[in-house]
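Here is a set of questions and answers on a single protein chain. Please look at the sequence and the model first.

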Amino acid sequence: MAVPPDLPAAPPVDVIYGMGRIDASGRIADRGVTRALGWQIGDRLTLTGTPRKVVARRDPAGMLALGHKPYVAIPAALRARCGLSTGDRVLLAAMPGDDVLTVYPLSTVHQAIRGTVPGEGGDPR
């Protein structure tokens with residue numbers, strides 16, 4: 001019988017995870033994640049992205065500002081570059097110590113998990 005790989009006893013305390021769904025305007029909300037970062041209404045953000053993730057950082061010179069509700073809005077051009085569409089579910093990873101929020105499409109999460117599961121494209125550990 002296969003033995004699963006050893007896993008950490010507890011989730012890391014330096015990363016707060018949440019889930020969200022991208023709405024038609026590119027908004028993603030998770031109060032717990034936003035609260036963990038301490039981001040406030042009016043805080044300016046800079047967003048960057050790759051096909052595997054979008055990274056939001058608080059930046060006084062950022063082009064986007066947080067509104068009255070606890071969500072981050074990803075502009076359409078950045079969503080297209082990152083392969084994100086309306087209705088997509090995403091994993092949110094907040095790193096309060098670094099003041100960063102990373103948005104991962106579930107396809108990226110799936111690839112990371114699949115690479116560790118025997119018989120699913122990963123090595124048989």
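Contact here means heavy atoms within 4.5 Å. The model is predicted.

Q: Leaving aside neighbours within four places in sequence, which residues is Ile74 in contact with?
A: Ile74 is among the residues with the most contacts inside the largest nonpolar core. Leaving aside neighbours within four places in sequence, the residues in contact with Ile74 are Ser25, Gly26, Ile28, Leu47, Val54, Arg79, Leu84 and Val103.

Q: How many helices and strands does the protein chain have?
A: From the N terminus on, the elements run β-β-α-β-β-β-β-α-β-β-α. The protein chain therefore has 3 helices and 8 strands.

Q: What percentage of the residues of the protein chain count as buried?
A: A residue is buried when its relative accessible area is under 20%. Of the 125 residues of the protein chain, the buried ones make up 31%.

Q: What is the order of the strands in the open sheet?
A: The open sheet is formed by 6 strands, and their pairing is antiparallel. Its edge strands are strand 1 (16-21) and strand 5 (64-65), each of which pairs on one side only. The order is 1-7-8-4-3-5.

Q: In strand 7, what is the bridge partner of Ile16?
A: Strand 1 and strand 7 run antiparallel and are joined by 6 bridges. For Ile16, the bridge partner in strand 7 is Ala94.

Q: In strand 8, what is the bridge partner of Leu91?
A: Strand 7 and strand 8 run antiparallel, with 6 bridges joining them. For Leu91, the bridge partner in strand 8 is Tyr104.

Q: In strand 8, what is the bridge partner of Val54?
A: Strand 4 and strand 8 run antiparallel and are joined by 4 bridges. For Val54, the bridge partner in strand 8 is Val103.

Q: At what angle does helix 3 run to strand 8?
A: Helix 3 covers residues 106-114. This helix lies across strand 1, strand 7 and strand 8. Its angle to strand 8 is about 80 degrees.

Q: Why is strand 7 largely enclosed by the rest of the structure?
A: Burial is counted per residue, with a cut-off of under 20% relative accessible area. Strand 7 is largely enclosed because, of its 7 residues, the number buried is 5.

Q: How many salt bridges does a search of the whole structure find?
A: Side chains of opposite charge can pair when their charged atoms come close. For the whole structure, the number of salt bridges found is 3.

Q: How many residues apart are the parts that the pair of Asp99 and Arg58 ties together?
A: The side chains of Asp99 and Arg58 meet in a salt bridge of 2.9 Å, N to O. Asp99 lies in the loop between strand 7 (89-95) and strand 8 (100-105) and Arg58 in strand 4, so the pair ties together parts whose separation in sequence is 41 residues.

Q: Which residues are linked in a network of salt bridges?
A: Asp43 forms a salt bridge with Arg58, with the closest N and O atoms 3.1 Å apart. This pair links distant parts of the chain, 15 residues apart. Arg58 also meets Asp99 in a salt bridge. The network therefore links Asp43, Arg58 and Asp99.

Q: Is Asp43 buried or exposed?
A: Asp43 sits in the loop between helix 1 and strand 3. Not counting residues up to four places away in sequence, Asp43 touches Gly38, Arg58, Leu64, Ala65 and Leu66. A polar atom of its side chain lies 2.7 Å from the backbone nitrogen of Gln40. With a relative accessible area of 17%, Asp43 is buried.

Technical notes. Residues numbered from 1 in each chain as written. Predicted model: local features only at pLDDT ≥ 70, side-chain atom pairs only at ≥ 80, totals over all residues. Heavy atoms only, no water. Salt bridge = Lys/Arg side-chain N within 4 Å of Asp/Glu carboxyl O. Helix = DSSP H or I, 4+ residues; strand = E, 2+ residues; numbered from the N terminus. Pairing = 2+ DSSP bridges. Axes fitted to C-alpha atoms, helices over the stretch in contact; angles between N-to-C directions. Buried < 20%, exposed > 50% of the residue type's maximum accessible area, 1.4 Å probe, protein only. Core = buried A, V, L, I, M, F, W, Y, C linked by side-chain atoms within 4.5 Å. Polar contact = N/O pair within 3.5 Å; in protein donor to acceptor, adjacent residues only side chain to side chain.
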